[in-house]
Amino acid sequence: AEAIESILVQDFRDFELILVDDASRDASPAIMASAAVRDARVRLITLETNRGLPEALNAGFDAAHGALHSWTSDDNLLRPAMLDRLVATLDAYPEADIVHADFTLIDEGGTELGRSRVGPVDRLLHGNNVGACFLYRAHVTEALNGYDTGLFGVEDYDFWLRAAQRFRFVELHEDLYRYRKHGGSLTSQRAAQIQALTAQIVERAIPASLPAKQRSEILLGLALKSHRRWRFDLVLRAFAAHPVPVLAQLPQIGRWSLVMARDRLTA
């Protein structure tokens, strides 16, 4: 209810809010139905079976009429100026296709934990620095054929990696969104799978023309982020691409190996 309300009270008023009920089994359907009754801008789509986030997103965007697209989750909050500032930025940069903005991390109770600053798209292979606050033109959705339904957990990162090959991004360093971190989130529940899928989509997105040393650095970064899995395969591929980054990180790789061995023994 709080997430929905944060959208309905936006300073920018000309929008449609499409709520997708992915076969919820809690109070969500009643909360969504109530919002649709109260505000004519709200439409409700109900999926008969649970399909997962990527398919739910695609169902929503298939029904969308707007020229601009964005999405949010049921536990995150828009600041009142978010849509107004993102729309104004795209209006100011007609050659741009996607705008992404800074946001604040909050805990379960809403306490602010710190601001997250988005980064340039040319660093996207090193991590998902597009962030959680964004707006993009509808033709981006159409050109990319929406979100990949086989990549539940990294569907947004994959979407940005594909978009970066074709479209222009603009960074907006204003705090416009509140992103909630808690143990019940999809990201927290599927951490191991998300790490594995992240390595898959990033390695696939590395262009063949990328210098060997940069390729090695990206692969090594992926390996060292995989805290719950043995990913020496990535280390070896990084070494094969260019040995210098791997040799420079040998002390860290050693500590990382010891930590994983300890965790495996105590699991």
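**Entry 1: a loop residue.** I started with Ala 23, which sits in the loop between β1 and α2 (28-38). The model I'm reading is a predicted one. Phi of Ala 23 comes out near 55 degrees, a positive value in a residue other than glycine. I noted that because most residues other than glycine have a negative phi. Buried or exposed, or something in between, I wondered about Ala 23? Its relative accessible area is 21%, so Ala 23 goes down as partly exposed; the cut-off for buried is under 20%.

**Entry 2: another positive phi.** Asn 145 is not a glycine either, yet its phi is positive, at about 60 degrees. I found Asn 145 in the loop between α5 (138-144) and α6. With 68% relative accessibility, Asn 145 counts as exposed.

**Entry 3: the whole chain.** Time to step back. How many helices and strands does the protein chain have? I get 12 helices and 8 strands. The chain has 267 residues, and buried ones make up 45% of them. I also checked the contacts with a separation of 6 or more: 72% of them join residues 24 or more positions apart.

**Entry 4: Leu 17 on β1.** Back to strand β1, which covers residues 17-22 and includes Leu 17. Leu 17 has 9% relative accessibility, so I list it as buried. What does Leu 17 touch, once residues up to four places away in sequence are set aside? I wrote down Ile 4, Ile 7, Leu 8, Arg 41, Val 42 and Arg 43. I also looked up Ala 36, which is 19 residues from Leu 17 in sequence; the C-alpha to C-alpha distance is 9.0 Å.

**Entry 5: Asp 102 on β5.** Next I went to strand β5 (residues 98-106), where Asp 102 is found. The relative accessible area of Asp 102 is 0%, so this one is buried. Leaving aside neighbours within four places in sequence, I see Asp 102 in contact with a run of residues from Arg 115 through Ser 116 and Arg 117 to Val 118. Cys 133 is another contact of Asp 102, and so are Leu 172, His 173, Glu 174, Asp 175, Leu 176 and Tyr 177.

Entry 6: Ala 96 is in the loop between α4 (82-92) and β5. Beyond residues up to four places away in sequence, Ala 96 touches Leu 90, Arg 137, Arg 168 and Val 170. I checked Phe 167 too: it is 71 residues from Ala 96 along the chain, and their C-alpha atoms are separated by 7.4 Å.

**Entry 7: helix α3.** Why do I call α3 (residues 53-62) largely enclosed by the rest of the structure? Because 7 of its 10 residues are buried. The buried ones are Pro 54, Ala 56, Leu 57, Asn 58, Ala 59, Gly 60 and Phe 61. I looked up what they pack against and found the strands β1, β2 (42-47), β3 (68-69) and β7 (133-137), along with the helices α5 and α6.

**Entry 8: α8 and its partners.** I took α9 first. The axes of α8 (residues 191-205) and α9 (residues 212-225) come within 10 Å and cross at roughly 175 degrees. That makes α8 roughly antiparallel to α9. On the α8 side I have Gln 195, Thr 198, Ala 199, Val 202 and Glu 203, which meet Ile 218, Leu 219, Leu 222 and Lys 225 in α9. By class, that contact has 5 nonpolar, 2 polar and 2 charged residues.

Then α6 (residues 155-164): it packs with α8 at an angle of about 5 degrees, with the axes 10 Å apart. So α6 is roughly parallel to α8. Tyr 157, Asp 158 and Leu 161 of α6 make the contact with Thr 198, Ile 201, Val 202, Arg 204 and Ala 205 of α8. I count this one, by class, as 5 nonpolar, 1 polar and 2 charged residues.

**Entry 9: a pocket.** Which residues line the second largest pocket? I noted Val 121, Asp 122, Leu 124, Leu 125, Leu 161, Ala 164, Gln 165, Ala 205 and Pro 207. By class, this lining has 7 nonpolar, 1 polar and 1 charged residues. The space in the pocket is about 160 Å³.

How values were computed: Residues numbered from 1 in each chain as written. Predicted model: local features only at pLDDT ≥ 70, side-chain atom pairs only at ≥ 80, totals over all residues. Heavy atoms only, no water. 1 Å grid on protein atoms, 1.4 Å probe; cavity = no way out; pocket = protein on both sides within 12 Å on 5 of 7 lines; lining within 4 Å. Points joined across faces, edges and corners; volume = space filled by probe spheres on them. Nonpolar A, V, L, I, M, F, W, Y, C, P; charged D, E, K, R; others polar. Axes fitted to C-alpha atoms, helices over the stretch in contact; angles between N-to-C directions. Helix = DSSP H or I, 4+ residues; strand = E, 2+ residues; numbered from the N terminus. Parallel < 35°, antiparallel > 145°, perpendicular 65-115°, else oblique. Contact = heavy atoms within 4.5 Å. Buried < 20%, exposed > 50% of the residue type's maximum accessible area, 1.4 Å probe, protein only.
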